[in-house]
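Please read it beside the sequence and the structure.

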Amino acid sequence: MTEAAIPVLTIDGPSGSGKGTISRVVAGRLGWHYLDSGALYRAVGVAAGWADLDLDDAGALVRCAFDTGIGFRDDAAGELRVLVNGHDATDELRTETAGAAASAIAAIPEVRSALKERQRAFRKAPGLVADGRDMGTVIFPDAAFKVFLTASAEERAERRYKQLKDKGVSVTLDGLLREILARDARDASRAVAPLRPAEDAVRIDTTGQGIDSVVERVLALVPGRTA
Ligand SMILES: Nc1ncnc2c1ncn2[C@@H]1O[C@H](COP(=O)(O)OP(=O)(O)OP(=O)(O)O)[C@@H](O)[C@H]1O
Ligand SMILES: Nc1ccn([C@H]2C[C@H](O)[C@@H](COP(=O)(O)O)O2)c(=O)n1
């Protein structure tokens, strides 16, 4: 199967809209590969922190983006674990601090270029579900299926609050709402690959929609999908 013939479903959207959760379930139901593109940016942010790099030093961050080893594996519980330079950094990666660092680094055009081919290399038969901010607009513009998930900022903060509290992370709902709104603004206002729906993306507002309901709405967009 040529690369262009390998089907891609892109799922873009702001923080906490449910991209990662929905994408992993849909990829499992389709038997397709899964790309968590945000994890790549988060991994570069974590590696930069480990190396005490200045987030204003674009040159050092670009080199970090090229040089950082990033690996993915499912653990026994089926959770996606992320290895950074051989170390399991999953828990550190999923903090809002790491999300904010990733968002800042992601605004550097050369960092985005350094990660582009790594993302495209995930396109393997029988198919790929790719979640992020620019999957449908930049990385896989020819994707046959494109979705843009949204939800109210308040609901996204509540989801993230529950997610982090369940992991024993001490956060406040008000603080998370502020962080999510700040990240939304930075991701949507940057000059390169801004967060926005692709022209041909199906937009799904997940506010008040359960995970199963959103999964079924996404699967319905892929003909010949599994039951
Ligand atoms: N439709 C939904 N209804 C309720 N909870 C949801 C829904 N979708 C996802 N969640 C929950 O919200 C939390 C955040 O979801 P997820 O991490 O998938 O969002 P995301 O868009 O990938 O966020 P980020 O871009 O910050 O990584 C998770 O705990 C997830 O289980
Ligand atoms: N395709 C992507 C994915 C992520 N980013 C940046 C912007 C996000 O705020 C940050 C973390 O992503 P998340 O794990 O929350 O999906 O990384 C991006 O610019 N492009």
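The sections below cover the basis of the values, each ligand in turn, and the sheet.

## Basis

The model is predicted: local features need pLDDT of at least 70, side-chain atom pairs count only at pLDDT 80 or more, and totals for chains, interfaces and linings use all residues. Residues are numbered from 1 along each chain as its sequence is written, chains are lettered from A and ligands numbered from 1 in the order in which they are written, and side-chain values use heavy atoms, with hydrogens and water left out.

## Ligand 1

Ligand 1 is surrounded by 17 residues, and the closest are Ser15, Lys19, Gly20, Thr21 and Gln209. A residue is counted as near if one of its heavy atoms lies within 4 Å of the molecule. Helix H1 (19-30) and helix H8 (153-166) each give the shell at least two residues; helices are DSSP runs (H or I, at least four residues) numbered from the N terminus. The shell divides into two nonpolar, nine polar and six charged residues. In this scheme Ala, Val, Leu, Ile, Met, Phe, Trp, Tyr, Cys and Pro are nonpolar, Asp, Glu, Lys and Arg are charged, and the others, Gly among them, are polar.

Polar contacts here are pairs of N or O atoms within 3.5 Å. An oxygen atom of ligand 1 lies 3.0 Å from a backbone N or O atom of Gly18, and a polar side-chain atom of Arg133 is 3.4 Å from an oxygen atom of the ligand. A nitrogen atom of ligand 1 is 3.4 Å from a side-chain N or O atom of Arg159. Taken alone, ligand 1 exposes 630 Å², of which the protein buries 81%; areas come from the Shrake-Rupley method with a 1.4 Å probe.

The space taken by ligand 1 is the largest pocket. A pocket is an open set of points, on a 1 Å grid over the protein atoms alone, with protein on both sides within 12 Å along at least five of seven lines. A molecule sits in a pocket if more than half of its atoms lie within 2 Å of its grid points.

## Ligand 2

The space taken by ligand 2 is likewise the largest pocket. Around ligand 2 there are 16 residues, with Arg42, Arg112, Arg133, Asp187 and Arg190 the closest. By class they are four nonpolar, four polar and eight charged. Helix H2 (37-50), helix H5 (96-105) and helix H9 (173-189) each supply at least two shell residues, and H2 gives the most, with four.

Oxygen atoms of ligand 2 lie 2.7 Å from a polar side-chain atom of Arg112 and 2.8 Å from one of Asp187. A nitrogen atom of ligand 2 is 3.0 Å from an N or O atom in the Ser37 side chain. Alone, ligand 2 exposes 430 Å², and the protein buries 96% of that.

## The sheet

Three strands form an open antiparallel sheet in the order S3-S4-S5; strands are DSSP runs (E, at least two residues), and two of them pair if DSSP finds at least two bridges between them. S3 and S5 (87-88) are at the edges with a single partner strand each, so one side of each has no neighbour in the sheet.

S3 (residues 70-74) and S4 (residues 80-84) are joined by five bridges, with Ile70 opposite Val84. These two strands form a hairpin with five residues between them, and Gly78 in the turn has a positive phi of about 85°. Two bridges join S4 to S5, where Leu83 stands opposite Asp88.

Terms used. A polar contact is a pair of N or O atoms within 3.5 Å; within protein, one must be able to donate a hydrogen and the other to accept it, and residues adjacent in sequence count only if both atoms are side-chain atoms. On a 1 Å grid over the protein atoms alone, a cavity is a set of points where a 1.4 Å probe fits but cannot get out, and a pocket is an open set with protein on both sides within 12 Å along at least five of seven lines; lining residues have an atom within 4 Å of a point.
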